[in-house]
Amino acid sequence: MPDAAVAARSSEPTNSGTTQQVDVAVVGAGFAGLYLLHRLRKAGFSAVVIEEAGDVGGTWYWNRYPGARCDIQTIDYSYTFDPELDREWTWSEKYATQPEILRYFGFVADRYDLRRDIRFGTRVKAANWDDAGERWQLTTDNGTNVSCRYYIMATGCLSTPKPPEIDGVKDFKGEIYFTGRWPHDGVNLAGKRVAVIGTGSSGIQSIPLIAEQAAHLTVFQRTASFALPAHNGPAPDDRKTYFEADRAAYREQARWSLAGVPYPQEMAVSWQLSDAERRERFEKAWAAGDLVHILTQLWADQAADFDGNALIGKLIHEKIRAVVKDPETAAALSPNDHPFGSKRPCLDTNYYATYNRPNVTLVNLRQEPIKAITGSGIVTDKRSVDLDVIVFATGFDAMTGAIMAVHPITGRAGKSLSNVWAQGPQTYLGLTVAGFPNLFMITGPGSPSVLSNMAVSIEQHVDWVVDRLAALRDAGFTTMEATETAQAGWAQHMADCSMLTLHRLANTWYTGANVPGKVQALMPYTSGVGPYRGICNEVVSRGMLGFRLTGPNVAEQCNDGEVVRLQPDVRIVLGMLAEMNLPAIESMGAQGARDFLTEFNKGRPAGRPVGEVGSGALQGADGPLPYRLYRPATPGPHPIVVYLHGGGWVLGDEQSDDPFCRDICRRSGMIVVSVGYRHAPEHRFPAAAEDGYAATRWIAEHAADLGGKPGPVLVAGWSAGGNIAAVTCQLARDRGGPQIAGQLLICPVTDCRFDRLSYTDNATGYFVTRSLMFWFWDIYCSPADRTDPRVSPLRGNLANLPPAFVATCEFDPLRDEGIAYAEALAAADVPVEQLQARGHFHSSLMMVDVVVTGVSGRAKMAEALRGFAGLPRKLEEGGEASPIAVNAAAG
């Protein structure tokens, strides 16, 4: 749009009484607000930005404390919407200081003449939705009020300082400062006795510089933070070269990355690496001085697996002890109450070395809490500290604080945002709230925001919102509002995502735990910038899914629903499979499909170590069958689980489900014997069923020889293997043994019918398809044989069978027949427990350490097996189950 046209629609107050009429009002003139104003103008909207501060910059206007810097490399913390802007500004340092960042925002504001539409020194006192006029009515504390059709909060995630929570603050006779509201003309601390309360990011950045000025500095620490050396200086040559070689490609990779910085996905998991290899990777990351690098590039499981994460914490503790001379101080500075990365790690310059200075004292508030602030200083349980200055580096009321602190927001039918969020923030996409039409938030709770490069997330949010507003206008719609269904679905997806990370194990400002009385919930979206962008795009491609659109001259549009029903990691796996554009398995022929499976399995992560893995041969129904045995590391003898692999009676072998067998061995503390039975078409029905029974009988007879516990065995199987396991239990009952203590059936084939709803709902798109199941059935047995209970166990006699645990997945053609089998077992008075895995597909639960959301399901399977064997359902202390299994199961 020509600049003259944009200027004609500028937001100068009109003559309509005392209210300024604009299309869009924005609160905040920081990173988000400036870009919003630019985009809105270009899209032809009149707009005004309302800003409490005296100039642009947002949080960088207020945060002027000593040492304030960005913790994302400034080559990445930049606007990308204009290539010319990108080329005209060059950062002087790898991590720019607050003054330089503030100059950058001033440069941007001047370049696009943004200040003329910003009302500085102004607060919004109230915002009310006028349902009749379909506009937001804003009351301000300075100048005219504002009426706007669209209201956008660009208030920032870390912009409302958290007030002190200590008695006696008002009694202190010295000077008090807050890092989040540092005086603009600076503070002279030379020769003064100074206290800093708080060792989060602002404390860690400011403490070394304050220590250089103060006569004595006392640091009061409640929770130690992980701090990493920034190694600041010029932008690293490798990153600068990568950036300048193809800036457009660099920026695009950042937009689709996990953290908003173009790093590849690390594939190696911690237990695949030796101690030397892990240390080498860590030392490289430590030397790089890059927060995103150390958070994402060490090993693939560092953010999800407790054990893999703990390895990093131990290495950082070593670094702290190597720098800090006093062992007691070093121990106090070493975090041990939260996993690495679950609380924001900090970048520092000489932070740990500062505690070696003679004029610096650390007070560990876990050992001696502050009792009060007095007129002359601070009193703890053990000491009294005389002070001239107290600096509160106690952080922010993050994510929601800035939105709630600006003013009351009242939506449709008098609904108060404060009341709606009383039990924690509820949003759709982190962008909108049901009941509040035309209200948008930039990087609000429920979006990647603070777990990403904010620059990338802000631009994505702004582009999405402005593009939607333009599309609404062009289509004749005047309101846009999230539905309750979509919002509830997003809350569930957020909860599912949180189970992929270790954030749930930490009390942090990510969850609101730093603010007394605030309801705790993990507020940022944890599954990454690229996946989130894809979901936002999908909302649009599916007809604005989850939004109600209205307008005076158009029919209402409401495409209601949940944008994500799959578990987040399942969604990623299925997306990767779709991108591979593989031919249908049934088109490959039996041998081609087997070759494909062999190659496919080569690319998956190896299973975790167990005590011992062996192999051998056993007697099947018509000759020897191979087996693989997994033995726990704990002393035996152990109960034995006979495991039958999946593959539609056509594919797989005794090794194809190796990671799952290892996982169940570790979690259950039992021997797992995986059997390679005969396959169709070479050996059609009833070969597989008879082999399963014969193998189980042989293993039971040779339990002691295998190092197992004599007596009843257990059987388990997945898919076609679940079918064989179910059949084996029926045959063992009818043929006089062996004795089976329990059966674990995972996504089992139980019947030859194809008319159940799951075969319709999940016919395509979830890897195992309706047509693939037809192919498997046709290869395995003729239609005349399919009602035989040895192939359709649901049609057999289910009385007097061993107790069962039946697991099914929501997005699986076999779902309903698995549920039907469990219900039929229960009707026959067989003890049965069901796991209906929401958001999973047929292979999810088997994809160990790829689909982390399957952990809790596998933990429950192991508990069931232990219960069948007469053991305590929880593995005792000293067993092999990973701590994350316990945490995930508890979640």
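Predicted model: local features only at pLDDT ≥ 70, side-chain atom pairs only at ≥ 80, totals over all residues.

Colleague: How far apart do the C-alpha centres of domain 1 and domain 3 lie?

Modeller: The domain assignment gives domain 1 as 20–56 + 114–160 + 398–559, and domain 3 as 606–869. Domain 2 is assigned to 175–394. Between domain 1 and domain 3, the distance of the C-alpha centres is 49 Å.

Colleague: Which feature does UniProt place at residues 641–843?

Modeller: Over residues 641–843 the chain is 34% helix and 20% strand. The end C-alpha atoms of that stretch are 20 Å apart. The UniProt entry, which is unreviewed, names the feature "domain: Alpha/beta hydrolase fold-3".

Colleague: Which strands are the edge strands of the open sheet of five strands?

Modeller: The five strands follow the order β7-β16-β8-β9-β12, with parallel pairing. An edge strand pairs on one side only, and this holds for β7 (175–178) and β12 (360–364). From one strand to the next the twist averages 20°. The edge strands are therefore, given that each pairs on one side only, β7 and β12.

Colleague: What angle does the direction of helix α6 make with that of β9?

Modeller: Strand β8 (residues 193–197) and strand β9 (residues 216–221) run parallel and are joined by five bridges. Within this pair, Arg193 stands opposite His216. Helix α6 (residues 201–213) packs on the sheet and touches β8, β9 and β12. The direction of α6 makes with that of β9 an angle of about 155°.

Colleague: In the open sheet of three strands, which residue is the bridge partner of Gly377?

Modeller: The order of this sheet is β13-β14-β15, with antiparallel pairing. Its edge strands are β13 (370–373) and β15 (384–386), and neighbouring strands are turned by 15° against each other on average, direction ignored. Strand β14 (residues 377–380) pairs with β15 over three bridges. In β15, the partner of Gly377 is Asp386.

Colleague: Which residue of β21 stands opposite Gly551?

Modeller: Strand β20 (residues 547–551) and strand β21 (residues 554–558) run antiparallel, joined by three bridges. A hairpin of two residues leads from β20 to β21. Opposite Gly551 stands Val554.

Colleague: Is Thr483 buried or exposed?

Modeller: Thr483 lies in the loop between β19 (479–482) and α17 (484–498). Beyond its neighbours within four places in sequence, Thr483 is in contact with Ala434, Gly546, Phe547, Arg548, Cys558 and Asp560. Because its relative accessible area is 2%, under the 20% limit, Thr483 counts as buried.

Colleague: Which side chain does the side chain of Thr483 join in a polar contact of 2.6 Å?

Modeller: Asp560 is among the residues in contact with Thr483. The polar contact of 2.6 Å runs between side chains, and the partner of Thr483 is Asp560.

Colleague: Against which helices do the buried residues of α25 pack?

Modeller: Helix α25 spans residues 770–780, and its buried residues include Leu772, Trp775, Phe776 and Trp777. The buried residues of α25 pack against α20 (589–602), α22 (687–701) and α24 (757–761).

Colleague: What is the omega of the peptide bond from Ala680 to Pro681?

Modeller: Pro681 is placed in the loop between β25 (671–675) and α22. Another proline, Pro637, is found in the loop between β23 (623–631) and β24 (640–644), and the bond to it from Gly636 is cis, with omega near 0°. The bond from Ala680 to Pro681 is cis as well, with omega near 10°.

Colleague: What is the phi of Cys747?

Modeller: Cys747 is found in the loop between β27 (740–746) and α24. With a relative accessible area of 1%, Cys747 is buried. Its phi is positive, in a residue other than glycine, and is near 45°.

Technical notes:
Residues numbered from 1 in each chain as written. Heavy atoms only, no water. UniProt positions renumbered as here; feature names shortened; annotations may be inferred. Helix = DSSP H or I, 4+ residues; strand = E, 2+ residues; numbered from the N terminus. Buried < 20%, exposed > 50% of the residue type's maximum accessible area, 1.4 Å probe, protein only. Polar contact = N/O pair within 3.5 Å; in protein donor to acceptor, adjacent residues only side chain to side chain. Contact = heavy atoms within 4.5 Å. Domains from an automatic or database assignment. Axes fitted to C-alpha atoms, helices over the stretch in contact; angles between N-to-C directions.
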